[in-house]
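Subject: Structure handover

Hello,

Please find the structure below. My notes on what was found in it follow.

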Amino acid sequence: MILAWCKRFPYWFAFLAGMLLATSFAKLEWAWAAWIAPGLVLTAALAVPEKHIFRAGYVAGLGFFLTSLYWTLLIPFPMYGFAGWLTLSAILSCYIGLWCWLCGRLRPMVGRWVWPVLCAAAWVAVEMVMARLFTGWAWNLLGDSQYRFLALVQIASVTGVYGIGFLLVWFSVSFMEAVRGQWILLLAPTAGIVGAVVFGANRLSADQPTRGKIKIALVQPAIPQPVIWDANEKTNRFLKLVELSRQALKAEPDLLVWPEASMPDLFKRTAFMQQTILSLLQIRPIWLAIGANDTAPKPGAPNEIEGYNSAFLINPAGEIVSRYHKQHLVPCGEYMPLARAFPFLSRFRSAGAGLTPGRKPVSFHMDKPAAKFAPLICFEDIFPHEAQPMVEDDTDFILNLTNDGWFGESAEQWQHAIGGLFRAIENGVPLVRCTNNGLTCWIDSYGRLHEVYFPGSKNIYQEGLKMVEVPL
C-alpha cells in the first residue's frame, strides 16, 4: 500500500518522508525514523521519471529542513528569521536532491547487493561535502539521531559520526528493497550493525585511564538576546555573572567558566569590570575561562583594527594567559559573506562587514591542577573535521562556550548539544559545554550526557550554575 501511494503522489510522499526524517532529531527524537526515512525518500524519488529524480529529492529535503530548522524563526528579528529559514532550507535541500540523483544513476550500473552500499557511501560523501562547501553546515547529521544508543554510536571513535549514518542508510535502502521481495538483502546491513554494536559494547566495558579530576563551575546566566546588545544593561548583565560566580566559589572549583558573549564588550579595557574580576579571583585562587569580544591590528596594516569572537583564559592573578579567536564564523550572523570584496553587501548587516575569523587552533593550559583543554566557540563543535585538529595527544577535554539565546526555548539547544556530543566520542576526550541558556553540561568520552538539568528542575533554559567533576 505504501508503494502504491508513493507511485500515485511521489512529491507529497517525498515531502512527508523528509518530515519523518526530521522527527528522528530533537526534540521528538523518534530514532527509529532514521532507519526507514532515507529509504522512503529514495523510493519516492525513484517513482518519478529519471530526469525528475533530483526534483523529488529536493522536495524531500524541504520537508526535512523546513521541519528540523524551525527554530531559526525564533530569532529576535522575525523577518530575517523567516528569510533565513527559507533560504537555508532551500540551499540545503539541494544535498538531498543530489543524493537521490546519485543513487538513481548508480542503480542500473551495479548489482542488487552493491547498490545499497553505494547509496550509503553516497550519503556519507554528500554529508561531508555539506559540512565543508561554502563555509559548511554539519547540523543534524544523520548519525546524530542515534546518540542514545551508546553501544551503536561507539563506532564513531573509528569512523566519525559519518559511519553511523552509513549504517542507517545501508539498512534503510536495503529494507525498502526487502519490501519489494528482496528480503535477503537485509542480511549484510544487519551483520554490519551487529558488528558495530559488539565493538561498542567492548569499548564501553573498557576502563579509560585517568589521572584525577578537575572541578569546574559552569555559569549559565540565561541573558535574553536583545539584552546582550543593550548598552544600558551592560552593568546589570555583568553583575549577574559575578553574583552567580560568587555562589560557585563556595564549592571551591578549580576552573570557573562563563559562556560565549557573556561580555560582548572588551572587558580588558573596562576598568570596573577588570577590577571586579580581579577581586572575584582573590576570593579564592581560581582560573577563569570566559567568552568575550577582542580586537587586534590587522596583519600588514597596523592602522586597521579587526574584531574577533574570542575565548580567554585568566589565571588566579587576573592575567590573560591565553586567547582563542573563533575560526568558523556564522555567515550573515557574525559576518557578511563577500562583503570585503563587495562592500555594498555590508549594508545588509547593522554591524557592517562583521568579525574576522581566527587563524589557528589554540590550547589552554592550567597548572594547579595541571590541565590542557581545547576551546571551541559557538557551533564550532558540530564540525568533525574542525574539532579534530584542536585535540592533541595530551588534551584533557574540549571546552565549548556558546550562546544559544538567539533561538528562545526550542529544539536548537538540544540539537546543538547532541551534534557536539560526537566530538567527545571521536576524539576520546570529554566535552564540557557552558552556554547562555542551555544546554550547559558535560559529556564523557563515550557520549554520555552528565548534569543535564539544574538541581530540582527539568528546565535547561533557566539561569543558574552547575558544578561538574570531569576526569583528566
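Which helices each supply at least two residues of the lining of the largest cavity? They are helix H4 (53-68), H5 and H6. Please keep in mind that this is a predicted model.

Cavities

H6 gives the most to that lining, with four residues. The largest cavity has 17 lining residues, and Phe 65, Ile 96, Trp 123, Glu 127 and Met 130 are the ones nearest its centre. By type, the lining of the largest cavity splits into 14 nonpolar residues, two polar and one charged. The volume of this largest cavity is about 140 Å³.

In total, the structure has four cavities of 30 Å³ or more. The second largest cavity holds about 50 Å³ of space. Among the residues that line the second largest cavity are Ser 24, Phe 25, Glu 29, Asn 140, Asp 144, Tyr 147 and Ile 418. Its lining is made up of four nonpolar, four polar and two charged residues.

Salt bridges

There are 13 salt bridges in the structure. One of the residues lining the second largest cavity, Glu 29, forms a salt bridge with Arg 148, and the closest N and O atoms are 2.7 Å apart. This pair links distant parts of the chain, 119 residues apart. Glu 29 sits in the loop between helix H2 (10-22) and helix H3 (33-45), and Arg 148 in the loop between helix H6 (114-130) and helix H7 (150-153). Arg 148 counts as exposed, because its relative accessibility is 58%.

Asp 396 and Arg 211 also meet in a salt bridge through their side chains, at 2.7 Å from N to O. Asp 396 is in the loop between helix H14 (384-387) and strand S8 (397-402), and Arg 211 is in the loop between helix H10 (187-205) and strand S1 (213-220), so the pair ties together parts that are 185 residues apart in sequence. The two partners can be set side by side: Asp 396 is buried, with a relative accessible area of 9%, whereas Arg 211 is partly exposed, with 47%.

A further salt bridge joins the side chains of Arg 433 and Asp 381, with an N to O distance of 3.9 Å.

Surface patch

Tyr 70, Leu 73, Leu 74, Phe 82 and Leu 86 form a nonpolar patch on the surface. Together these residues have about 410 Å² of accessible area. Leu 86 is located in helix H5 (residues 78-106). Why does Leu 86 count as partly exposed? Its relative accessible area is 37%, and the class covers values between 20% and 50%.

Buried or exposed: which is Ala 424? Ala 424 counts as buried, because its relative accessibility is 0%. This residue lies in helix H15 (residues 412-427). Its C-alpha atom is separated by 9.8 Å from that of Trp 442, and Ala 424 and Trp 442 are 18 residues apart along the chain.

Ala 191 lies in helix H10. Ala 191 is partly exposed, with a relative accessible area of 49%. From Ala 191 to Tyr 461 the C-alpha to C-alpha distance is 41 Å, and the two are 270 residues apart in sequence.

Regards

Methods. Residues numbered from 1 in each chain as written. Predicted model: local features only at pLDDT ≥ 70, side-chain atom pairs only at ≥ 80, totals over all residues. Heavy atoms only, no water. Patch = residues over 30% accessible without salt bridge, like charges linked within 9 Å, V, L, I, M, F, W, Y side chains within 5 Å. Areas by Shrake-Rupley, 256 points an atom, 1.4 Å probe, with all protein chains shown as cover. Salt bridge = Lys/Arg side-chain N within 4 Å of Asp/Glu carboxyl O. Buried < 20%, exposed > 50% of the residue type's maximum accessible area, 1.4 Å probe, protein only. 1 Å grid on protein atoms, 1.4 Å probe; cavity = no way out; pocket = protein on both sides within 12 Å on 5 of 7 lines; lining within 4 Å. Points joined across faces, edges and corners; volume = space filled by probe spheres on them. Nonpolar A, V, L, I, M, F, W, Y, C, P; charged D, E, K, R; others polar.
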